[in-house]
Amino acid sequence: MKTKYLILGAGPTGAWAIKGIRQEDQHGGIIIVGDQPYRAYSLPLLTKGYIQDQFKEEDLYLVNENFFEINGTMFLKGKRGIVALPKEGKVVLDDETEITYEKLLISTGGRPSRLKVSGGGLSGIYYLRTLGDSNEIKKAAEKAKQALVIGGSFIGVELAVALRQIGLPVKLIMLEKYVWQALLPEGIGNYLMDKLIAGGVEIYPEEKVVEFGGSNGWVKAVKAESGKTFEADLVGVGVGLTLNVELLNGTEVKIGRGIQVNEFLETSDKGIHAAGDVAEFDDLILGMKHVVGHIENAQLQGKTAGRNMAGAKVSYAEVTGYDSGIFDMPLIFIGALEFGKEHWIRGKGGEPSLGSFAIRDGRVVGVFLIKPKGKEMKAVRELIKIRDIDMKRYEDELRNHTTDLAAFVKNLKGSD
């Protein structure tokens, strides 16, 4: 097979890359390869309504069924690239199909990191990443009596909430001292754990899983290094992501935490771009290399990469965010909270009821908002873009729960 544009990965990044290509080139041939049998869908909605039967499957899809047809694209579903041969401009798929390309986009994302402990192969243990995974969890939940979730970050917290919302008793165990420890200060993390507990989730911090116990091939318990044993017949695991970069093994394309790309999302091989979860990009706003694993970034990077594959020269410079929630309390994570060296909690009397700011070298690099307002979300994105003002001068204002963030940022930019 031969094509002008080859896209590996048919999720949001790949779909938006097609949109980007067609913005610049209406006629060049496109082939997109996806390892799932589905067109692009929203992974966040799996835990934000689908598992709870608030959404139907058709509500998850991000593009229409005729998307590929109207964009002149061949969709090879249920297949994946296993070997890239950049010098030959070729990719080999898992069914031995060879595709020759002029421009290649790698948007293969990642797969759930696995717990390498005894009993890991028992039935009833689920790693949520795909629509298929969520369907299995929904089916298992119909008969389950006790759910247990491992991991204190996005997948773990959101899955624990989803399973509790459908009426299951839920235990959440994690290595971390508090939820979202890599992103938030302890005061915020403890505040959020109180909300989880109030919603009926039992939480066990600083517990390391060492073994799964079972009978008749089905999980029945989770054993921790502390000696504690937690009974469960449905176990969800969310302990990180392993990026799908193996097809580049043996090539000269540079790989660090992810596939390294410049501001145009080009790899060290100018015929190859990478975008979405799998890309380690030059973040023009932060001034450092950055890997971002959420849907807004995936879509925006996909479109930018597609445009650049088709001849544009567009820099990627976006402040993106991810919305989450704990029961009826909406949350949003904006920017690069993980890069903060200190965190300023915003709330009345030290109560972390509004969120926090992640600070690095006098700059705001990330913002966490509790029950966010539209104007606030727009304002903090602008705040993160400001590079030449020492925000430590405004610490008191940012900590103050009465500060109007939209007005604050407007005044700050006006005085610059």
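Biologist: How many bridges pair β13 with β14?
Modeller: Strand β13 (residues 218-224) pairs with β14 over three bridges, in the antiparallel sense. Lys223 stands opposite Thr229 in β14.

Biologist: What should I know about the origin of the model?
Modeller: This is a predicted model, in which local features need pLDDT of at least 70 and side-chain atom pairs count only at pLDDT 80 or more, while totals for chains, interfaces and linings use all residues. Residues are numbered from 1 along each chain as its sequence is written, and side-chain values use heavy atoms, with hydrogens and water left out.

Biologist: Turning to β9, which residues cover its two faces?
Modeller: In strand β9 (residues 147-150), Ala147 and Val149 lie on one side and Leu148 and Ile150 on the other, and all of them are buried. Buried means under 20% relative accessible area, exposed means over 50%, and partly exposed is in between (1.4 Å probe, protein chains only).

Biologist: Which way do β9 and β15 run, parallel or antiparallel?
Modeller: They run parallel, and four bridges join β9 to strand β15 (residues 234-237). Val149 stands opposite Gly236 in β15. β9 is also joined to β10 by four bridges, again running parallel. There, Leu148 has Lys171 of β10 as its bridge partner.

Biologist: How many salt bridges are there?
Modeller: The count comes to 22 salt bridges. The rule requires a side-chain nitrogen of Lys or Arg within 4 Å of a carboxyl oxygen of Asp or Glu.

Biologist: What do Asp53 and Lys138 tie together?
Modeller: Their side chains meet in a salt bridge at 2.8 Å, N to O. Asp53 lies in the loop between α2 (44-50) and α3 (67-70) and Lys138 in helix α4 (residues 131-141), so the pair ties together parts that are 85 residues apart in sequence. Asp53 counts as exposed at 57% relative accessibility, whereas Lys138 is buried at 19%.

Biologist: Which residues does the network around Lys90 link?
Modeller: Glu88, Lys90 and Glu98 are linked in a network of salt bridges. Between Glu98 and Lys90, the closest N and O atoms are 3.3 Å apart. Glu98 is partly exposed, with a relative accessible area of 41%, and Lys90 counts as buried at 18%.

Biologist: Where is Arg22, and what is the nearest side chain of opposite charge?
Modeller: Arg22 is in helix α1 (residues 12-24). Arg22 is buried yet has no salt bridge, and Asp25, the nearest side chain of opposite charge, is 4.5 Å away. For charge, Lys and Arg count as positive and Asp and Glu as negative; His and the chain ends are not counted. Leaving out residues up to four places away in sequence, Arg22 touches His27, Gly28, Ile30, Asn71 and Gly72, where contact means heavy atoms within 4.5 Å.

Biologist: And what about Arg39?
Modeller: Arg39 is in the loop between β2 (30-34) and α2. Arg39 is also buried without a salt bridge, its nearest side chain of opposite charge being Glu65 at 4.6 Å. The Arg39 side chain reaches the backbone oxygen of Val63 at 2.7 Å.

Biologist: Last topic: what is the phi of Trp180?
Modeller: Phi of Trp180 is near 55 degrees, a positive value in a residue other than glycine. Most residues other than glycine have a negative phi. Trp180 lies in the loop between β10 (170-173) and α6 (186-198) and counts as buried at 1% relative accessibility.

Definitions and conventions
Pairing = 2+ DSSP bridges. Polar contact = N/O pair within 3.5 Å; in protein donor to acceptor, adjacent residues only side chain to side chain.
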